[in-house]
Each structure stands twice: as structure tokens, then as C-alpha cells.
Amino acid sequence: MNNENNRGQWASNLGFLMAAVGSAVGLGNIWGFPYKMGANGGFAFLIVYLVLVIFVGFATMLGELALGRKTGLGVIGTYRMLNKKFAWVGWLGFLSGFFILSFYSVLGGYTLRYAIGFLMELFSEGAGFGGMGSGEFFGSFIINGGANLLFHGIFMALTIVIVMGGIASGIEKFTKIAMPALLVMLVIVIIRSVTLEGASTGIAFMFAPNFSAFSEIGFMKVLKTAAGQMFFSLSLGMGCMITYGSYLSKQENLEKNALIIPIADTIFALMAGLAVMPAVGAFMSQGVEGISFGAGPGLLFVTLHQVFSVGMGGFIGNLFGFVFYFLVFIAAITSSISLLEVCTAFFIDSKVQKGQVANRKKITIIVGLVIFLIGIPVGLDGLGSGVAGGATIDIPAVVFGMDEVRVAFDCWLDFYDMISEGVFMPLGAILMSVLIGWVLKTNIVKEEVEASDGIKMKAYAFWDFCFKFIVPIGILFVLLGQLDDFFGLGIF
Ligand code: TRP
């Protein structure tokens with residue numbers, strides 16, 4: 001009861017699932033998954049990804065949810081309560097939240113800008129993108145510091161407003177509307193995409209079994225890409241699911257929930273692929289300029305803009321462009337609220353533990369504002385194109401005096417990403433698996449699962465094995481893979 005009055009609690013298990021799946025489904029699914037899958041062997045990548053979800057994703061998800069529900073605290077409180085020596089692991093997650101959200105919000109701002117752009121184009125040609133081509137518009141937008149900060153600010157403000165509302169009447173209420181709406185919009189875009197002439201090229205690019213990727217790209221490289229993608233996509237490794245689990249009632253079945261979230265996330269990722277790749281393939285095979293599978297990260301903003309504005313074109317193009325970017329924006333915001341909640345929860349827990357009443361609104365605004373400020377350099381440096389007249393501070397060189405390494409992250413976004421996703425998160429996740437799997441022993445999770453009336457843990461043996469052995473090895477791959485990417489170590 002104490003829990004309910006002070007910290008908040010999900011009103012229903014369905015509401016919790018909407019929020020958790022909302023956290024998982026985001027830019028990672030819609031942006032990262034399709035192009036990574038296509039570039040890493042299509043169907044072959046999918047199989048590796050699915051194996052990882054089953055043996056690493058499910059186990060980690062259940063571990064995080066169980067820890068959170070057991071302690072009833074956010075990530076810092078949870079680690080502190082479980083083991084004093086591991087308390088700092090919570091801080092890794094908490095700090096990751098600040099860094100990830102600060103750049104996630106800048107990118108979320110981009111999606112909002114594009115949605116508004118297509119909406120305005122619907123009413124008057126040229127009103128949304130100033131008559132520029134997709135590449136030109138993107139180039140001019142990212143170096144427009146003022147516009148970037150404006151949209152970063154709007155995105156952060158919306159995130160704050162939802163989180164301020166609390167667990168049941170803020171996050172849950174929003175995601176219960178947003179997630180079904182997201183699904184409907186996605187289905188509409190998929191139908192349009194797969195019925196275009198030449199769509200099969202895109203479907204083949206994504207799904208055609210191409211095991212030669214294992215030898216051409218290298219199996220290890222495919223594995224590390226899939227592993228990194230899986231952790232990010234499932235919101236694992238920084239305590240997001242610990243925090244969401246802490247608001248879950250003791251009645252609910254943790255094991256079932258830990259199964260549903262990864263399944264739903266994977267389905268959404270595949271659906272996003274079906275919305276995006278067939279359209280790209282269709283216009284590529286029709287010979288529309290500037291459209292190819294090879295855009296990598298440029299896929300979401302440059303290639304797809306071209307797909308809607310030139311490929312489809314006209315009213316229909318603008319309409320689908322709007323629906324698509326709006327759905328990406330919704331997916332991004334249901335993820336950003338979970339990141340903000342991780343940071344906010346720490347301050348709320350601290351108050352509650354002192355027996356004081358936490359002022360959620362005030363805490364959320366302050367934390368959100370700090371994250372907005374941390375994101376300013378990301379918004380200003382135009383993904384490394386150096387808006388401020390080339391005046392971007394070269395952090396790696398200045399702070400660490402590492403000259404050669406600088407090329408690996410010559411923009412703030414990469415730098416924040418390296419700290420959070422590259423180091424803090426895999427480190428935090430590996431320590432979690434050591435703490436639960438080896439220090440505390442895994443029956444603490446079994447006990448928590450079985451704390452619900454009449455529920456017996458069904459997959460304990462499987463889970464125990466995965467958690468002790470496969471999870472740490474999987475994360476080690478992520479850690480080495482990220483370091484390899486950022487520092488160009490050439491391990492893989
Ligand atoms: N999973 C989200 C995506 O795919 C992003 C996200 C939300 C996240 N919360 C997280 C990633 C926590 C890592 C950790 O876009």
C-alpha cells in the first residue's frame with residue numbers, strides 16, 4: 001500500500017504491457033532494425049537475432065523485471081538494496097538514461113519536424129520543406145541549430161508532460177492510446193508499401209536467406225551487430241525494465257510478461273521493416289533517383305523522405321509521409337518517457353525512503369530540463385557537420401588528448417552514444433548477470449516470480465542456464481563490438 005500511495009503503480013497488467021512494449025518499440029525498431037537486417041544477411045541476421053532474443057533477451061528481461069518488483073525501487077535503489085558493493089552499477093544505468101535521452105530527444109525532434117513538414121506540404125506545396133530535395137533539406141535542417149533546439153525542446157517538453165502525470169495516469173494512460181494508434185498507422189503504411197510496383201525487391205532484400213553474409217561480413221560481426229541491436233531495442237541494460245517492473249503489482253505473472261515484451265518488440269521490428277524496405281525497393285527498381293538500400297543511418301530521413309516526396313509524390317505521398325513520420329514520432333516518445341522515468345524515479349525514491357512526499361511534477365521538470373541542456377551540443381553540431389562555424393569542441397581530443405581515436409566519434413551524438421550504449425550499458429548488464437547469477441544466486445528471481453499467488457516458475461532451469469552462462473557471453477560481445485566500432489580496434 002505504501003508503494004501505491006507514494007511511488008505509483010500500473011493500474012492493470014495490460015497498461016504495464018503497453019508501457020513496456022512502448023518503451024521497447026522506438027527508433028531502434030523503425031530505423032536501426034530494417035537497415036541492419038538488410039545489410040547483415042537478411043534472413044540469416046533474423047535467425048541470429050531471434051536466437052539472441054530467446055537466450056539472452058528473455059532472460060535479461062525477466063531478471064530486470066523481477067529485480068524491480070522485488071525491491072519496489074528504481075535502478076539505483078535496487079542495486080543499493082541488493083548489494084552495497086554493487087550500488088554503483090545502478091549509477092551506470094541512471095547516467096546512461098541522461099545521455100541516451102539527450103540525443104534520443106534530438107532525433108525525436110527530427111521525426112516531429114518531418115511529420116509537421118509533410119502535414120504542411122499537404123496544404124501548400126513547399127510549405128513543409130521549402131521546395132528542397134530530400135538530401136538538401138536534411139543537410140540544411142541538421143545545421144540549423146535554432147530549429148534543432150526548438151524541436152528538441154518540444155520533444156522533451158512533451159516527454160516531461162507525460163511523465164509528470166505519473167505511472168497510471170501519465171505513462172500508462174498515454175501508452176494505452178498511443179500503442180494501438182501506432183499499430184494501426186503501421187498497418188496502413190505496410191499495406192501501401194507492399195502493394196507498390198516492385199515491392200518484392202525490398203522484401204527480398206530483407207528476407208532472402210543470404211548465408212554468404214556470414215562469410216563475407218563475418219559471422220562474429222553479424223553476431224555483435226545483432227546483439228547490440230537486441231539490447232537497445234528491448235530497452236535492456238540500464239534499468240528501464242527494473243524501473244517499470246517496480247510499479248508492477250505482486251499479482252502479475254512476471255514470466256509471461258517477460259515473454260510477451262520481446263515477442264511484441266520483434267513483431268514490431270519486422271513490421272517496421274515491411275513498412276520501409278518494400279517502398280525503398282519499389283522506387284529503387286523503378287529508377288527513382290536517390291533511393292537505395294545502402295543509405296544505412298540515412299535511411300530514415302533522406303531515403304524515406306525521397307520515397308514519399310518523389311516516389312509516391314503528390315497528395316498521396318504527403319499523406320503517407322505524414323502518417324509515417326507521425327508514427328515514428330509516437331514510437332519515439334513512448335520510448336523517451338521510459339528513459340526519463342528511470343532518471344526521475346531515483347529522486348522520487350530518495351524522497352519516499354526518507355518518508356517525505358515526493359513532488360513528481362517538480363522533479364520531472366528539473367530532470368527533464370537538465371537532459372534538455374545536456375542535449376544542446378547534440379542539437380547544435382548537426383551530427384558532426386559543425387554548425388557553430390566549425391566551432392564544435394572536439395571533446396575526445398581536448399579531454400582525452402586522443403587524436404587518432406577522434407575519427408571514430410567526431411560528433412557529440414556518437415560521443416554520448418559511446419559512453420552510454422558503448423560502455424555503461426553493457427558494463428551494467430554484465431555486472432547484473434554476475435550479481436544475480438553468481439553472487440546472489442538465481443533463486444532470488446524464482447522467489448520473486450513465485451511471490452504471485454499460485455504461480456510456479458515454469459522455465460527456471462532454462463532461465464538459470466541462460467542467465468548464468470549465455471547472457472554474460474552475449475553482453476561481452478556487445479561490449480567488445482561497441483568498443484571495436486568506436487575505437488576502430490579491428491577485433492571483428
Ligand atoms: N528501445 C528503444 C528503441 O528501440 C529505446 C530505448 C528506450 C532504450 N529505453 C531504453 C534503449 C533503455 C536502451 C535502454 O528505440
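Me: How far is a nitrogen atom of the ligand from a polar backbone atom of Phe-232?
Reply: First, a caveat: this is a predicted model, where local features need pLDDT of at least 70, side-chain atom pairs count only at pLDDT 80 or more, and totals for chains, interfaces and linings use all residues. Residues are numbered from 1 along each chain as its sequence is written, and side-chain values use heavy atoms, with hydrogens and water left out. A polar contact here is a pair of N or O atoms within 3.5 Å; within protein, one must be able to donate a hydrogen and the other to accept it, and residues adjacent in sequence count only if both atoms are side-chain atoms. For Phe-232, the distance from its polar backbone atom to the ligand nitrogen is 2.8 Å.

Me: How much of the ligand does the protein bury?
Reply: Areas come from the Shrake-Rupley method with a 1.4 Å probe, and for residues only the protein chains shown count as cover. Taken alone, the ligand exposes 370 Å², and the buried part of that is 100%.

Me: Which residues come nearest to the ligand?
Reply: A residue is near a molecule or strand if one of its heavy atoms lies within 4 Å of it. There are 16 residues around the ligand, and those that come nearest are Ala-24, Leu-27, Gly-28, Tyr-104 and Phe-232.

Me: Is Tyr-104 buried or exposed?
Reply: Tyr-104 sits in helix α6; helices (H or I, at least four residues) and strands (E, at least two) are DSSP runs, numbered from the N terminus. Its C-alpha is 7.2 Å from that of Ser-336, 232 residues apart along the chain. The cut-offs are under 20% relative accessible area for buried, over 50% for exposed and partly exposed in between, with a 1.4 Å probe and protein chains only. Tyr-104 has 5% relative accessibility, so it counts as buried.

Me: How many charged residues are in the lining of the largest cavity?
Reply: Ala, Val, Leu, Ile, Met, Phe, Trp, Tyr, Cys and Pro count as nonpolar, Asp, Glu, Lys and Arg as charged, and the others, Gly among them, as polar. α2 (13-24), α3, α6, α11 and α15 each supply at least two residues of this lining. By class there are 10 nonpolar and eight polar residues, and the charged count is none.

Me: What about the largest pocket: which element gives the largest share of its lining?
Reply: That pocket has a volume of about 1,000 Å³. Tyr-35, Lys-36, Pro-297, Asp-417 and Glu-421 are closest to its centre, out of 32 lining residues. By class, the lining has 17 nonpolar, nine polar and six charged. The largest share is seven residues, from α3.

Me: And which element gives the most to the lining of the second largest pocket?
Reply: This pocket has a volume of about 260 Å³. Its 15 lining residues include Glu-121, Glu-125, Met-132, Ser-309 and Asn-318, which lie nearest its centre. With four residues, the top contributor is α14.

Me: What phi does Ser-235 have?
Reply: Most residues other than glycine have a negative phi. Ser-235 lies in the loop between α11 and α12 (240-245), and at 12% relative accessibility it counts as buried. Although Ser-235 is not a glycine, its phi is positive, at about 60°.

Technical notes: 1 Å grid on protein atoms, 1.4 Å probe; cavity = no way out; pocket = protein on both sides within 12 Å on 5 of 7 lines; lining within 4 Å. Points joined across faces, edges and corners; volume = space filled by probe spheres on them.
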